[in-house]
Amino acid sequence: MTKDNCKKLVIDIISDIAPDEDLSSIKPEIRLRDQLQLDSMDFLDIVMELRKRHGIEVPEADYGQLASLESCAEYLTPKFIAKS
Amino acid sequence: MKDSHYDVAIIGAGMSGLAAGIRLAHFGRKVCIFERHNAPGGLNSFYSIAGRKYDVGLHALTNYVAPGIKGTPLGKLLRQLRIEREEFALCPQKRSRIAFRDFSLAFTNDFAVLDGEVATKFPHQADGWRALVQAVRTHDDVSLDAQPISARAVVARHLSDPLLIDMIFCPLMYYGSAQERDMEFGQFVIMFKALFLEGFARPLEGVRVIIRVLLEKFREAGGERRMKCGVARIVEERGRVGRLILDDGEEITATQIISSIGFPETMRLCDPPQTDAAERNTGVLSYAEIISVLHREPASFGWGDDTIVFFNDSERFDYSRAADPVDLRSGVICLPNNFVYGAGHLPEGIFRVTCLANFDYWAHLPELEYQAEKLRWFDAITRSARRFLPLVDDEVLASARLATDMFTPRTIRKFTGHLNGAIYGAPRKSRNGRTHLDNLYLCGTDQGFLGIVGAMLSGISMANYHVLQGSAPKV
């Protein structure tokens, strides 16, 4: 699992949650909220899809780690590696 | 042995119950929806007579916005339920009107039209109108802990012309208010956005398209559904729901219970019963609706422009329990042919009218008289509504009629279980859905998000708030 794989898995989740968003030109360093229309309901869904699809738990205290694609990769990649 | 314990039991397979069910099943909860009737849909269901399909309830889906407009209730609900926009196959309205005596305001799915109408016809109210619209736009209408305030009081701060005030309240009340004469301001905002800032649409085949999508999503997600199997009793044990007793006597248990059947209706199922609480918050507003099926398009009578017409002929619009069997002074006309269906079209013309009606009168008529009264009031409602449409000869209209149907407050009580035939439920809503029991929550009509989009969002919010959020991770 590389950080790039991890980003792709996150994008897969976002594309299912928000199929009406254009995800082709997301900038990894910029907050997802600033590029896409995602509200707190959508972020809750990202967390729950991570659990459902990949068995990865994100405690509420860590939700801030999911702010950008880059920070998602930074935070989630070790969790994916620990799983495999 | 059958395992009869669920993570969540949902009472009622209407829009809100199905939406809650989809969320919970999607995220791995063991969930079952119990529905007393054989058809799903609740207040927005459908039926067939003599091979002809009819919708109950749905005139138009409110909250419609064009593709690409984000951050509105419709978009939220599609995302949360993983539904693609195309699946609902929504077709926008042509134009609607608020018609008071000889005065009328047109509105479409483009708010600029209503805005312009108000500015032209009520120039002295223009500033106040702008301020009111601004207040609506900035109000936090999804807050689950808002304190109730009177919409009349808020509107009176901005508008002074009683005609304009009544004309704005009329559609908002008819499409969702359980309260007589006034609305809670949060409800006013929800409805103002749903009707005026957003708009109307409908699938060509009506409400069954939406219900079909919801059923399919629920099934795919692994949800269980038991039809013709209502909940007869909610048994309390130590401040919580201990078990549910079904209509057939079977007992089941669930960790959490979401009821979509209404506040007083839910309280009456509780054991011990919450009779006083139920009585203090039972709706009194009920309706009658007539449907004429025509062998011609309404457009051939010159009725081709209006999708929905909200009408009133009294000095002040009076939204209250009907004193007569049917209150003929005001009502709503719906011409389902007049949506922009693109290549498709409805096979027949349809003319529907809804008016306030008196539950007690219709509920207590002996069967023969009931049938005779339906015929009599069918004609009276038709005559009343036609005053607000271009003139058509009685004989011309009568000869175009292929079939008719009518529902009364008695029909509503029978098929929805709503006490007093009160479609919009209890006058006081429970925004956070909590009840006197720890693990019993309300969703749907009496939680207070209105319209069918609102109903679905209500189910979603209550499932998120009480079950999915902050819940212990599934091991």
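Colleague: Why is strand 16 of chain B largely enclosed by the rest of the structure?

Modeller: Strand 16 of chain B covers residues 330-334, and five of its five residues are buried, so the rest of the structure largely encloses this strand. Buried means under 20% relative accessible area, exposed over 50%, and partly exposed in between, with a 1.4 Å probe and protein chains only. Helices (H or I, at least four residues) and strands (E, at least two) are DSSP runs, numbered from the N terminus. This is a predicted model, in which local features need pLDDT of at least 70 and side-chain atom pairs count only at pLDDT 80 or more, whereas totals for chains, interfaces and linings use all residues. Residues are numbered from 1 along each chain as its sequence is written, chains are lettered from A and ligands numbered from 1 in the order in which they are written, and side-chain values use heavy atoms, with hydrogens and water left out.

Colleague: Which residues of strand 16 of chain B point one way, and which the other way?

Modeller: In a regular strand the side chains alternate between the two faces of the sheet. Here B:S330, B:V332 and B:C334 point one way, while B:G331 and B:I333 point the other way.

Colleague: Which strands pair with strand 16 of chain B?

Modeller: Two strands pair if DSSP finds at least two bridges between them. Strand 15 of chain B (residues 308-312) is joined to strand 16 by five bridges in the antiparallel sense, and B:F310 stands opposite B:V332. Strand 17 of chain B (residues 349-357) also runs antiparallel to strand 16, with three bridges between them. In strand 17, B:V353 is the bridge partner of B:I333, and B:R352 stands opposite B:C334.

Colleague: In what order do the strands of this sheet lie?

Modeller: The open sheet of chain B has seven strands in the order 7-6-15-16-17-14-18, with mixed pairing. Its edge strands are strand 7 (103-107) and strand 18 (401-407), each of which pairs on one side only. On average, neighbouring strands are turned by 15° against each other, direction ignored.

Colleague: Which helices lie across strands of chain B?

Modeller: Contact means heavy atoms within 4.5 Å. Axes are lines fitted to C-alpha atoms, for helices over the stretch in contact, and angles run from 0 to 180 degrees between N-to-C directions. Helix 7 of chain B (residues 162-174) lies across several strands, including strand 6 (96-100), to which it runs at about 125°. Helix 15 of chain B (residues 409-416) lies across strand 14, strand 17 and strand 18, running at about 100° to strand 14.

Colleague: Is B:Y370 buried or exposed?

Modeller: B:Y370 is buried, with a relative accessible area of 6%, and its place is in helix 13 of chain B (residues 367-386). Leaving aside neighbours within four places in sequence, B:Y370 is in contact with B:W362, B:L365, B:T408, B:R410 and B:T411. B:Y370 and B:T408 are 38 residues apart in sequence and 9.8 Å apart in space, C-alpha to C-alpha.

Colleague: How many helices and strands are there in chain A?

Modeller: Chain A contains four helices and zero strands. Of its 84 residues, 40% count as buried, and its C-alpha trace spans about 30 × 25 × 20 Å along the principal axes.

Colleague: At roughly what angle do the axes of helix 1 and helix 4 of chain A cross?

Modeller: Two packed helices are described by the angle between their axes and the distance between the axes. The axes of helix 1 (residues 3-17) and helix 4 (residues 69-83) of chain A come within 8 Å and cross at roughly 110°. These two helices of chain A are therefore roughly perpendicular to each other. Angles under 35 degrees count as roughly parallel, over 145 as roughly antiparallel, 65 to 115 as roughly perpendicular and the rest as oblique.

Colleague: Where in the loops of chain B is a positive phi found in a residue other than glycine?

Modeller: B:R101 has a phi near 45° and sits in the loop between strand 6 and strand 7 of chain B. B:N420, with phi near 60°, is found in the loop between helix 15 and strand 19 (440-442) of chain B. B:R101 is partly exposed, at a relative accessible area of 36%, and B:N420 is partly exposed at 25%.
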